[in-house]
Amino acid sequence: MRIRINDKEVILPTSLKEFTLGQRIDYHNQHGRELEEMAKSILEMPDGIEKDLEITHFQFEKMFRTFAFFTGCDVEAVKDSQFIDDVASI
C-alpha cells in the first residue's frame, strides 16, 4: 500500500507474507524489547483510570513504532504527521 507521510511516499506491507523473518527480528531488536517492558510495567499497575490511560498510550506507541519501522519513517515524523487518523485506521 502506497501512502504519503509528511510529503514522502512510503510503502506499507499489507499482509504478513510481505514481512521477512529478518524484518521481524530487526523490529523486535529495535522496538519489541522496550514495548515488552512497557507492557509488563502496565500490567503490574493497579486497575483504574491511570492503568487504562497507560494502556491507551502503549497502544498508540506500538502503532507509531510499527508503522514507522515497516515504512522506513522516523517514529517522531509519524507522531507529528497530520495523518494520524489514517495511520490508526490502517
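Phe-69 is buried, and so is Phe-70, where buried stands for a relative accessible area under 20%, exposed for one over 50%, and partly exposed for what lies in between (1.4 Å probe, protein chains only). The model is a predicted one, in which local features need pLDDT of at least 70 and side-chain atom pairs count only at pLDDT 80 or more, while totals for chains, interfaces and linings use all residues. Residues are numbered from 1 along each chain as its sequence is written, and side-chain values use heavy atoms, with hydrogens and water left out.

**The chain as a whole**

- The secondary structure of the chain comes to 4 helices and 2 strands, where helices (H or I, at least four residues) and strands (E, at least two) are DSSP runs numbered from the N terminus.
- Read from the N terminus on, these elements follow the order β-β-α-α-α-α, and the C-alpha trace of the chain spans about 40 × 30 × 20 Å along its principal axes.
- Of the 90 residues of the chain, 30% count as buried.
- The chain exposes about 6400 Å², of which carbon and sulfur atoms supply 53%; accessible areas come from the Shrake-Rupley method with a 1.4 Å probe, and for residues only the protein chains shown count as cover.
- Among contacts (heavy atoms within 4.5 Å) with a separation of 6 or more, 52% are accounted for by residues 24 or more positions apart.

**Aromatic pairs**

- Rings of Phe, Tyr and Trp (its six-membered ring) pair if their centres lie within 6.5 Å, and planes under 30 degrees apart count as stacked, over 60 as edge-to-face and the rest as tilted; by this rule the count comes to 4 aromatic pairs.
- One of these pairs joins Tyr-27 and Phe-70, whose ring centres are 5.7 Å apart and whose planes stand at 25°, so the pair is stacked.
- Because Tyr-27 lies in helix 1 (residues 21–43) and Phe-70 in helix 2 (residues 49–71), this pair ties together parts that are 43 residues apart in sequence.
- Tyr-27 is buried, as is Phe-70.
- Phe-69 and Phe-70 also form an aromatic pair, which is edge-to-face, with 4.8 Å from centre to centre and 85° between the planes.
- Tyr-27, Phe-69 and Phe-70 form one aromatic cluster.

**Pockets**

- Rolling a probe the size of a water molecule over the atoms shows where empty space is left.
- On a 1 Å grid over the protein atoms alone, a pocket is an open set of points with protein on both sides within 12 Å along at least five of seven lines, whereas a cavity is a set of points where a 1.4 Å probe fits but cannot get out; lining residues have an atom within 4 Å of a point.
- The largest pocket holds about 260 Å³ of space, where grid points are joined across faces, edges and corners, and a volume is the space filled by probe spheres set on the points.
- Its lining has 12 residues, of which Leu-12, Pro-13, Thr-66, Phe-67 and Ile-90 lie nearest the centre of the largest pocket.
- Helix 2 and helix 4 (84–89) each supply at least two residues of this lining, and the largest share, 4 residues, comes from helix 2.
- By class, the lining of the largest pocket has 9 nonpolar, 3 polar and no charged residues, with Ala, Val, Leu, Ile, Met, Phe, Trp, Tyr, Cys and Pro counted as nonpolar, Asp, Glu, Lys and Arg as charged, and the others, Gly among them, as polar.
- The second largest pocket has a volume of about 180 Å³, and the residues that line it include Arg-24, Tyr-27, Lys-62, Thr-66 and Phe-70.
- Helix 1 and helix 2 are the elements that give two or more residues to the lining of the second largest pocket, and the largest share of that lining, 6 residues, comes from helix 1.
- The lining of the second largest pocket has 4 nonpolar, 3 polar and 3 charged residues.

**Single residues**

- Ile-42 is found in helix 1 and counts as buried at 7% relative accessibility.
- Leaving aside neighbours within four places in sequence, Ile-42 is in contact with Lys-51, Glu-54, Ile-55 and Phe-58; Ile-42 and Phe-58 are 16 residues apart in sequence and 8.6 Å apart in space, C-alpha to C-alpha.
- His-31 also has its place in helix 1 and is buried, with a relative accessible area of 10%.
- Not counting residues up to four places away in sequence, His-31 touches Arg-65, Phe-69 and Val-75.
- Glu-50, found in helix 2, counts as exposed at 60% relative accessibility.
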